[in-house]
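Dear colleague,

I am handing over the structure below, and after it I describe what was found. Please keep it open while you read.

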Amino acid sequence: MDITFKGKPVALTGKPLRVGDAMPDFALTDSSLATVRGAALAGVRVFLTVPSLDTDVCDAEVRRFNEEAAALPGVSVFAVSMDLPFAAARWCGAAGVKNVRVLSDYKDHSFGRATGTRLEELGLLTRAVFIVNQSGQIAYAEYVPEVADHPDYAAAIGCLKTQFV
């Protein structure tokens, strides 16, 4: 899989996920510094991996999912970045994001490695969208080819609406 960051090729660490794969377990940190284990999450889940909430494209992406996907009944949306939990919480407050739970992979990078989204040389996560069904399988996976570009909103939201609502 070829991923670029501002036109320059970058390598991902970990094995990319594909539709039908089981969502691997991981450990993330929430805004209270509590550990959130992937195995403890249930239901239909959307995971947005973003380089940093404090950038224009990431900001717009999370706001859009806050409005669209989070309004779908029974769907939980998580934004995962390397941002420190305090900065992520501050961003959510300033952006008015209440329907997306922000989680940080800053501590042990287990989400990035488990999902093949870690940009090792940059210390960030690449932009990706994963939709996980109630059985824990990947129903939708998109690794955005250029990290600075938006994901395919229509495809992701369409998957949620046709498969889970």
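**Strand pairing and what surrounds it**

Within this model, Arg 45 has Ser 76 in strand E7 as its bridge partner. Please bear in mind that the model is predicted. The pairing of E6 with E7 runs in the parallel sense and extends over six bridges, and E7 is mostly covered, since six of its seven residues are buried.

**The nonpolar cores**

The largest nonpolar core has 31 residues, and those that touch the most other members are Val 46, Leu 53, Val 62, Phe 65, Val 77, Ile 131 and Leu 160. At least two residues of this core come from each of several elements, including strand E6 (44-49), helix H1 (56-67), strand E7 (75-81) and helix H4 (153-164). Helix H4 gives the largest share of this core, namely six residues. Apart from this core lies another one, of 22 residues, and Leu 17, Phe 26, Val 36 and Phe 130 are among them. In soluble globular proteins, nonpolar side chains tend to be buried together.

Is Phe 86 buried or exposed? Phe 86, which is found in helix H2, counts as exposed because its relative accessible area is 53%, and the cut-off for exposed is over 50%. Together with Leu 33 and Leu 84, Phe 86 forms a nonpolar patch on the surface, with about 300 Å² of accessible area together.

With best wishes

Conventions. Residues numbered from 1 in each chain as written. Predicted model: local features only at pLDDT ≥ 70, side-chain atom pairs only at ≥ 80, totals over all residues. Heavy atoms only, no water. Core = buried A, V, L, I, M, F, W, Y, C linked by side-chain atoms within 4.5 Å. Buried < 20%, exposed > 50% of the residue type's maximum accessible area, 1.4 Å probe, protein only. Helix = DSSP H or I, 4+ residues; strand = E, 2+ residues; numbered from the N terminus. Patch = residues over 30% accessible without salt bridge, like charges linked within 9 Å, V, L, I, M, F, W, Y side chains within 5 Å. Areas by Shrake-Rupley, 256 points an atom, 1.4 Å probe, with all protein chains shown as cover. Salt bridge = Lys/Arg side-chain N within 4 Å of Asp/Glu carboxyl O. Pairing = 2+ DSSP bridges.
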